[in-house]
Amino acid sequence: MSIGQQPIQLLGFYLAGMLCLGSAVLKLTLEGHWSWWRVLLPLWTVLGHTILYIVVGFIWLSFVSPRPPGEEDITIREDAPQRYEFAAMLCGLLFAHNLLERIEGAGQRMWVWLGTGEWQLLFVLGLLSLMFQLFFWSEVVRVNHRAARRDK
C-alpha cells in the first residue's frame with residue numbers, strides 16, 4: 001500500500017472525543033470550576049498535534065526533495081516508529097495545559113511543576129514537541145546521497 005492510499009486514521013479523534021465527553025461529565029458534576037477550554041483540552045491537543053505534524057512534514061519534505069536528478073534518492077518508511085509521535089503529543093498536551101493555566105490564572109495545580117504556566121516551561125514544551133516531530137520525520141523520510149557520475 002502506498003502512502004497516498006492509506007486511510008485516514010480517526011482513532012486519535014475518537015479517543016480525544018471520549019476524553020472530552022468524560023471531562024464534560026466531570027465538569028457538570030464534580031469539577032464545576034473547570035473552563036470549557038480545559039474540558040476540550042484533548043481535542044485541542046490532537047488538532048494542534050495534527051497541524052504541527054502537517055507543517056513540519058511539508059517543511060521536511062521541501063528540504064529533502066531531490067535537487068538535480070540522480071544525486072539523491074528518497075526512501076520513505078511506512079513502518080516508522082511511533083515513539084516520537086507519542087512524545088510530541090505528550091509535550092503538546094503539557095504545552096496546551098500550561099497555556100490554559102497561563103491564560104486562566106493560578107488555579108488548582110494538577111501536575112505541580114508541570115502545570116505552572118511559566119513562559120520558560122511553555123517555550124521548552126513547544127520546542128520539545130517540535131523537535132520530536134523533526135525526529136519523527138527524519139525517521140520516515142531518509143535521503144540517500146550518491147556521488148554524481150561523470151562520463152568521460
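Modeller: Axes are lines fitted to C-alpha atoms, for helices over the stretch in contact, and angles between N-to-C directions run from 0 to 180 degrees. Please note that this is a predicted model.

Colleague: At roughly what angle do the axes of helix 1 and helix 3 cross, and are these helices roughly parallel or antiparallel?

Modeller: Helix 1 spans residues 11-29 and helix 3 spans residues 41-64; their axes come within 8 Å and cross at roughly 155 degrees. Angles over 145 degrees count as roughly antiparallel. The two helices are therefore roughly antiparallel.

Colleague: How many charged residues does the contact of helix 1 with helix 3 have?

Modeller: From helix 1, Gly 12, Phe 13, Ala 16, Leu 19 and Cys 20 meet Pro 42, Leu 43, Val 46, Leu 47 and Thr 50 of helix 3. Sorted by class, this contact has eight nonpolar residues, two polar ones and, as for charged residues, none.

Colleague: Which elements give two or more residues to the nonpolar patch on the surface?

Modeller: The patch is formed by Leu 10, Phe 13, Tyr 14, Trp 37, Leu 40, Trp 44 and Leu 47, which together have about 680 Å² of accessible area. Among them, Trp 37 lies in helix 2, residues 36-39. The elements that contribute two or more residues are helix 1 and helix 3.

Colleague: How many residues apart in sequence are the parts that the pair Arg 38 and Glu 101 ties together?

Modeller: The side chains of Arg 38 and Glu 101 form a salt bridge, with 3.6 Å from N to O. Arg 38 belongs to helix 2 and Glu 101 to helix 4 (residues 83-104), so the pair ties together parts whose separation in sequence is 63 residues.

Methods: Residues numbered from 1 in each chain as written. Predicted model: local features only at pLDDT ≥ 70, side-chain atom pairs only at ≥ 80, totals over all residues. Heavy atoms only, no water. Helix = DSSP H or I, 4+ residues; strand = E, 2+ residues; numbered from the N terminus. Parallel < 35°, antiparallel > 145°, perpendicular 65-115°, else oblique. Contact = heavy atoms within 4.5 Å. Nonpolar A, V, L, I, M, F, W, Y, C, P; charged D, E, K, R; others polar. Patch = residues over 30% accessible without salt bridge, like charges linked within 9 Å, V, L, I, M, F, W, Y side chains within 5 Å. Areas by Shrake-Rupley, 256 points an atom, 1.4 Å probe, with all protein chains shown as cover. Salt bridge = Lys/Arg side-chain N within 4 Å of Asp/Glu carboxyl O.
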